[in-house]
Structures are given as C-alpha cells and as structure tokens.
Amino acid sequence: MTVGQICEKLGLKPLTGDIGMDREVKGVYICDLLSWVMAHAHEGDAWITIQTHTNIVAVATLLELSCIIIPENAEIEEDTIKKAIEEGIPIMASDNNAFMVAKNLISLGLGD
Amino acid sequence: MGTLSYEFSVEKDDFERAGEASSKIKKILMQLGMDSSIIRRVAIGAYEAEMNLVIHSLGGTIRIDIDPKSIVITAEDIGPGIEDIELAMKEGYSTATEKIREMGFGAGMGLPNMKKCSDVFEIESEVGKGTKIVMKMYLKDGD
C-alpha cells in the first residue's frame, strides 16, 4: 500500500503536497519519544506522532520511514514542512486521534 | 580501499540543524553501497551522539572513519563533561530539562542506544573538560 492510497482512504490531509505519495507503507509505529522511535521503528513504517518540530524529519529520514502522520490536527511548524519537502518525507494530518488512525490503518490491512 | 574520514561540527542548542550530520553520514554510506543493516546501526549511533551534543554539550564534533573492516564514529565535545558515567549509561536516566523532554528528547536512551548498536563502545569524560565517545562497528562480508 502506498502513502497516497492511505491518504485517500483515511481522508488524511497531505501537508507536503505530492511529495512521497508513491512510497510504500510496510507497517505502523506510534511513539513520541524520539530515541525510542530510533531504536524500534522499522524502515517503511508510517509514524504517528504529535511531535511537530523539525527533528521528526531527521528521524524519519534516518530510519527511512514511509511517512509521518500527525493526529488531531496538531499544529505543525512551517520549518518542519519545509524540511520534509527537502528530504522527500510526506507528512499528513488527521482529524482523528492516534488510536483511531491506527484502527483505520489496521482496517486497511496494515499490521497483518 | 584505505580509510575514509569525515568530520562534522555540531553546535550546542542548534535544534534547527540537529540531525544533519547523521543524515550526511548516512548518505555517505549509501553512496558507498553499504548494506542497509549496517547503515541503520550507524545512523542510530550517529543520531544519538549528535542529539547529545546538541542537548547536553557546549558543542563538539562527530567524526566517521570507514575502513574495509570497520566503521568508527567518534563524538567529542568541549564540555561540560559527565559527572557519573555509570548513572548516565542507565536506561531512563536523563538530565534533560522539562522543555527538552516535551520535544520528545531526554528519554534516557541515547547512550544505551549507542552502546546497543556498537560492537565496541567506549566513553570517557571529565567534568570541566568534555566527553569522548567511540562507537566501533565491524563490517561483515556483504556489508
């Protein structure tokens, strides 16, 4: 499944335009502690986090995560969007909380 | 191939650029065609070292030396030094401020993460002088 398909099916708002919509989503990881994410998230994971500062882009780039999903439309810094576009990491926002985003991703078949 | 070396300076409190040195290191390894599992280990080690320099140090450098048998990451700073290294190495222990923690840093996992992804991990520190961390990762056939 691609980032673009997830965006469409879950009604997520892409904040980085068309960037990275063809990236493959292989799994999902939810955590707001960056060192914990560094240690445990996998390549291709969609990462759900309410952290919105620029360093999330560094984490996603280093781990080759497929995308970042910001739940509950948490406000995101302009610099983060700029950096994500530079690095080709798609960031999307959701109206739902992290739990509901995860539930919807499972219903799409992720995590099987 | 001999030894390839690169050095990056990391500024104190520079959260804007934090992660750039480790991203550059990762790109170098990708250009060298290294295996993804060794790249992941180096990326984690370099990132944690870089973030520690940004959060805790007065500034420093990250250096990477690549030879046919191993990759060595060296992080060195100009202070303030760690009082109790054993305590600092304990998972969950952190001296980061509340503000830093709210950003998702300061989980007390930086040094343990560095140790876990290294084959050889060395740390030496002197209060008032600085800290030096060396992470060595051996390359296997196919890396």
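How many residue pairs are in polar contact between chain A and chain B? In this predicted model, the count is 15 residue pairs, both members of each pair being at pLDDT 80 or more. The side of chain A that touches chain B draws two or more residues from each of three elements, namely helix H2 (34–40), helix H3 (55–63) and helix H4 (78–87) of chain A. Classified by residue type, this side of chain A comprises ten nonpolar, eight polar and five charged residues.

The interface as a whole brings 23 residues of chain A into contact with 25 residues of chain B. Between them the two chains bury about 1800 Å², of which 51% lies on carbon and sulfur atoms. Within chain A, the greatest losses of area to chain B fall on A:Ser35, A:Met38 and A:Leu62, which together supply 30% of what that side buries. Three salt bridges are counted between chain A and chain B. A salt bridge joins B:Lys26 to A:Glu64, with the closest N and O atoms 2.8 Å apart.

Over all chains, the count of aromatic pairs is one. This pair consists of B:Phe15 and B:Phe105 in a tilted arrangement, with 5.6 Å from centre to centre and 40° between the planes. B:Phe15 is situated in the loop between strand E1 (4–10) and helix H1 (20–31) of chain B, and B:Phe105 in the loop between helix H4 (98–102) and helix H5 (110–116) of chain B; the pair therefore ties together parts that are 90 residues apart in sequence. B:Phe15 is buried, its relative accessible area being 17%, and B:Phe105 is likewise buried, at 4%.

Note on methods:
Residues numbered from 1 in each chain as written. Chains lettered and ligands numbered in written order. Predicted model: local features only at pLDDT ≥ 70, side-chain atom pairs only at ≥ 80, totals over all residues. Heavy atoms only, no water. Contact = heavy atoms within 4.5 Å. Buried area = accessible area lost by both parts, 1.4 Å probe. Salt bridge = Lys/Arg side-chain N within 4 Å of Asp/Glu carboxyl O. Polar contact = N/O pair within 3.5 Å; in protein donor to acceptor, adjacent residues only side chain to side chain. Helix = DSSP H or I, 4+ residues; strand = E, 2+ residues; numbered from the N terminus. Nonpolar A, V, L, I, M, F, W, Y, C, P; charged D, E, K, R; others polar. Phe/Tyr/Trp six-rings, centres within 6.5 Å; stacked < 30°, edge-to-face > 60°. Buried < 20%, exposed > 50% of the residue type's maximum accessible area, 1.4 Å probe, protein only.
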